[in-house]
Amino acid sequence: MTAWLTRDDLGAGAGSATGLLLVSPDVSSVFPLSPGDRAIAAELTGAALRETGVGGRDRVVVALAEPAGALWAAAAADVAEAGACVGPRGRMRLHHALSALKATTLVATPTGAMDLLARLHLEFLLDPLDLGLRTIVLTGEIASKRTMAHLAGEFGAQVTEVLSSPFGGGALAWRAAEEDPLTPLADGLLGPAALDKDAPAAGSGPAELVVTPSAHSTLGDAVLRTGLVGLGDGRGVPAPVHTVGDHVLVRGVWLALARVEKALSRIDGVAGWELTIGRQGTLDTAALTVRFARPSLVGNPMWKARIEQAVRALTPVSIAVEVAQEVAETPAPGVVTDLRGHHLGRDRALIT
């Protein structure tokens, strides 16, 4: 019987996994790779770069977090003249790296590329065309509408989007324009599945993208639920526009809601919480509003500091902590408010 696995299922086997382990920042997902698996992941990522127009005379700078960054840089080194990973932080550092390495290709998240563009205009007073980028590859996030066209016009570059594995960061599929469906990089690798049952999606409507790593050394014929949801029309593989499940995607990092819940449950006096995620500017923002059960805790700086420390230990993503002025006499479950419109809910079976 085929096993259908989520990020939490992969994380549960962390203590027995072998080989190179691609670990998410919160260790909620542990994706094992044998030497053969690594070769396949690099081959697929290299194929994605070639599909997006990268060739032997290009120089590629990868501005992605781990574990994706190193994998993409290694694949770029096999396809292009050079490949380098500089990480996702610091737009001034990224600008310097692009200039110093004479990059022709940038691999970045959609918000990372948009933030670089905004800072070039507003802070550095530089013309994006002066960077000389010919190709921009977007991956790792759900892009806002018209992002691809906007970046293409500003940088004078060919902009494409690649769907990367939420587990290991390697490329799975790509598309050349926002209105296009995804083109998987291998037959049978990626497909839409029903949200409420372990079966392929039937007809149109929301469908979760699932990965079938049939050639994987340890996962075999398992089906991996990505948490990414596209709006299917019964034809092809839809690009993701939503997320679902017990993890929410913030700044290219999957945040485990169950771990937030567990961490806050250990702090005396916490009666409820709301995680609000937005994208008013170029980057995602996250704020955690905590409601206490006792009035004496509302203005207590030590209790707020305890919550800030607990959240900081969960994820590298910056999450602002706020305290509600009203108290709650009875505990209530945590709530996720996604102002971006991305996250559909924690329970797949309740999504219609």
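Me: Which residue of strand 19 stands opposite Ala287?

Reply: In this model, which is predicted, the residue that stands opposite Ala287 in strand 19 is Ala320.

Me: What makes strand 18 and strand 19 a pair, and in which sense do they run?

Reply: Two strands pair if there are at least two bridges between them. Strand 18 and strand 19 have four bridges, so they meet that condition, and their sense is parallel.

Me: What is the order of the open sheet of four strands, and why do strand 19 and strand 20 count as its edges?

Reply: The order is 19-18-17-20, with mixed pairing. Strand 19 (320-323) and strand 20 each have a single partner strand, so one side of each has no neighbour in the sheet, and that is why they stand at the edges. From one strand to the next, the twist averages 20°. Helix 7 lies across strand 17, strand 18 and strand 20, and runs at about 145° to strand 17.

Me: Which strands stand at the edges of the open sheet of seven strands?

Reply: That sheet has the order 5-4-6-7-8-9-10, and its pairing is mixed. Its edge strands are strand 5 (82-85) and strand 10 (183-184), each of which pairs on one side only. Helix 3 (residues 68-79) packs on this sheet and touches several strands, including strand 4 (59-63) and strand 7 (135-138), while its direction makes about 170° with that of strand 5.

Me: What makes strand 8 and strand 9 a pair?

Reply: The condition is again at least two bridges. Strand 8 (residues 158-164) and strand 9 (residues 171-175) have four bridges, so they count as paired, here in the antiparallel sense. Within this pair, Leu163 stands opposite Ala173 in strand 9.

Me: Why are the contacts of Glu208 with Arg225 called a salt bridge?

Reply: The name requires a side-chain nitrogen of Lys or Arg within 4 Å of a carboxyl oxygen of Asp or Glu. The side chains of Glu208 and Arg225 meet at 2.7 Å, N to O, so the value falls within the cut-off and the name applies. Glu208 lies in strand 12 (residues 204-211) and Arg225 in strand 13 (residues 223-233), so this pair ties together parts that are 17 residues apart in sequence. The structure holds 16 salt bridges.

Me: Which residues line the largest cavity, and what makes it count as a cavity?

Reply: A cavity is a set of points where a 1.4 Å probe fits but cannot get out. The largest cavity has a volume of about 40 Å³, and the count of cavities of 30 Å³ or more comes to one. Among the residues of its lining are Asp284, Arg340 and His342.

Me: Where is His342 placed, and why is it called buried or exposed?

Reply: His342 is in the segment after strand 20. Its relative accessible area is 9%, under the 20% limit, so His342 is buried. Leaving out residues up to four places away in sequence, His342 touches Ile142, Val241, His242, Thr243 and Arg279.

Methods. Residues are numbered from 1 along each chain as its sequence is written. This is a predicted model: local features need pLDDT of at least 70, side-chain atom pairs count only at pLDDT 80 or more; totals for chains, interfaces and linings use all residues. Side-chain values use heavy atoms; hydrogens and water are left out. Helices (H or I, at least four residues) and strands (E, at least two) are DSSP runs, numbered from the N terminus. Contact means heavy atoms within 4.5 Å. Axes are lines fitted to C-alpha atoms, for helices over the stretch in contact, and angles run from 0 to 180 degrees between N-to-C directions. On a 1 Å grid over the protein atoms alone, a cavity is a set of points where a 1.4 Å probe fits but cannot get out, and a pocket is an open set with protein on both sides within 12 Å along at least five of seven lines; lining residues have an atom within 4 Å of a point. Grid points are joined across faces, edges and corners, and a volume is the space filled by probe spheres set on the points. Buried means under 20% relative accessible area, exposed over 50%, partly exposed in between (1.4 Å probe, protein chains only).
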